[in-house]
Amino acid sequence: MSLLTDLFRTAAEDEYRDAADRRAAAATVQTTVPANGLAIATRSWRTPRVRAAVLLTVGIAVLGLLLATTAIQARRGQPAAAAERASLVERIETLRAQAADLQTELASAASALAAAQDDALVSTAEGEAISTELDRLALLSGASAVTGPGLVVTLDDAALDPDTDALVDDTRVQDIDLRQLLNGLWSAGAEAVSVAGTRVTARTSIRAAGDALFADLVPLQPPYEVRAIGDPETLGPRFLDSAGASWLEILVATYGIGFEVSSEATVDIPAVTAVDLTWASGDSGTDQ
Amino acid sequence: MIAAIGLLLGVGLGLLVQPEVPTWLQPYLPIAVVAALDATFGGLRALLDGIFDDRVFVVSFLSNVVIAALVVFLGDQLGVGGQLSTGVVVVLGIRIFANVAAIRRHLLKA
């Protein structure tokens with residue numbers, strides 16, 4: 001503690017005391033040997049009292065200048081940070097708009113390609129057969145948009161009751177709940193499925209990252225609307241009998257998750273945004 | 001009185017001129033201000049004690065400011081700038097508190 005005590009003791013700088021002692025000593029000497037005392041009596045810049053006052057004023061003025069400058073500097077820093085954030089937000093929005101534009105361009109190019117393909121194939125009988133096969137594969141791979149009778153299933157987070165001490169995570173729809181629902185729909189004979197406007201195929205990922213759910217890296221917002229197209233006679237009943245539906249019934253009963261199924265005469269399901277092929281190759285260990 | 005005039009003069013000048021601080025000096029300005037505060041309160045206390053000395057005041061003011069900035073600069077070079085600034089602020093803060101307490105005793109007798 002001696003360091004802190006020392007700090008308190010020397011807070012008033014010793015030099016002031018020393019200088020005062022020296023002055024007192026000099027004064028004693030002066031009184032014993034009196035010199036021309038008249039010159040000191042006039043109040044001028046040279047007088048220690050006036051000089052002290054002026055220097056103290058200047059010192060405090062410098063302090064005030066420093067204070068004002070630092071305060072201004074500190075305040076200037078805040079708008080700079082805000083401007084930086086705004087420019088980042090702007091960049092994100094521009095890139096999002098660019099991505100949307102490219103998406104539209106891709107969709108129109110894909111439909112032009114499909115039309116050209118049909119034109120080329122429709123002329124011969126052999127081409128007709130290929131065209132039918134292509135349509136079937138496009139439906140399965142999600143390459144074509146689909147319209148037809150089907151189901152619309154809506155999942156929603158439970159309304160959070162502040163009185164219950166249930167974990168917040170339990171009252172949210174999780175990625176596994178969504179996957180169970182999709183598997184239930186597939187097993188009930190759904191031909192095409194989408195989650196919140198994203199076509200779900202055999203290659204779509206439904207994942208959770210933090211608190212958000214993602215379908216093929218597209219963030220999803222509750223309520224989650226899942227559409228499925230299939231045989232209007234059997235899709236509904238078979239889905240309600242499936243393991244996926246019973247999983248969701250348990251969630252509804254236990255956590256109050258929102259779960260609604262409705263039958264629709266026409267359901268629109270978009271195509272996947274990009275169809276690409278992934279294949280394995282045996283030679284020289286190159287991964288594709 | 002003198003102190004109030006000086007302070008008003010300095011703050012007014014700073015707000016009026018708004019001097020541009022060079023970038024390399026910006027990190028050391030706040031710590032220099034704290035050091036200047038310390039020297040000023042020391043001087044005010046000496047004034048009230050009746051032992052004020054102009055030479056000591058000027059020397060302590062300038063050396064405080066320069067040394068505080070220098071210590072932080074050195075810390076920055078060694079990668080402990082943040083910690084050293086904290087140290088400097090703690091030491092100067094204690095001194096400022098002690099001196100202001102002495103000034104308060106002088107002025108309010110309490």
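**Contacts between chains A and B in a predicted model**

Between chain B and chain A the count of salt bridges is 0, a salt bridge being a side-chain nitrogen of Lys or Arg within 4 Å of a carboxyl oxygen of Asp or Glu. The model is a predicted one, in which local features need pLDDT of at least 70 and side-chain atom pairs count only at pLDDT 80 or more, whereas totals for chains, interfaces and linings use all residues. Residues are numbered from 1 along each chain as its sequence is written, chains are lettered from A in the order in which they are written, and side-chain values use heavy atoms, with hydrogens and water left out.

The interface takes 43 residues from chain B and 35 residues from chain A, where contact means heavy atoms within 4.5 Å. The area buried between the two chains is about 3600 Å², of which carbon and sulfur atoms give 74%; buried area is the accessible area (1.4 Å probe) that two parts lose on being put together, summed over both. In chain B, Ile51(B), Asp54(B) and Arg95(B) lose the most area to chain A, together 16% of what that side buries. The elements giving two or more residues to this side are α1, α2 (29-49), α3 (54-78) and α4 (81-108) of chain B, helices being DSSP runs (H or I, at least four residues) and strands likewise (E, at least two), numbered from the N terminus. The largest share, 13 residues, comes from α2(B). The side of chain B that touches chain A divides into 26 nonpolar, 11 polar and 6 charged residues, with Ala, Val, Leu, Ile, Met, Phe, Trp, Tyr, Cys and Pro counted as nonpolar, Asp, Glu, Lys and Arg as charged, and the others, Gly among them, as polar.

Helix α4 (residues 48-121) of chain A packs against helix α1 (residues 2-17) of chain B at an angle of about 40 degrees, with their axes 6 Å apart; axes are lines fitted to C-alpha atoms, for helices over the stretch in contact, and angles run from 0 to 180 degrees between N-to-C directions. Residues making this contact include Ala53(A), Leu56(A) and Gly64(A) of α4(A) and Ile2(B), Gly6(B) and Leu13(B) of α1(B). The residues of this helix pair divide into 15 nonpolar, 5 polar and no charged.

Over all chains the structure holds 5 salt bridges. In one salt bridge the side chains of Arg136(A) and Glu133(A) meet (3.5 Å, N to O), and both residues lie in helix α5 (residues 125-141) of chain A, 3 residues apart, about one turn of the helix. Elsewhere in chain A, a cis peptide bond joins Pro222(A) and Pro223(A), with omega about 0 degrees, and Pro223(A) lies in the loop between β6 (218-220) and β7 (224-229).
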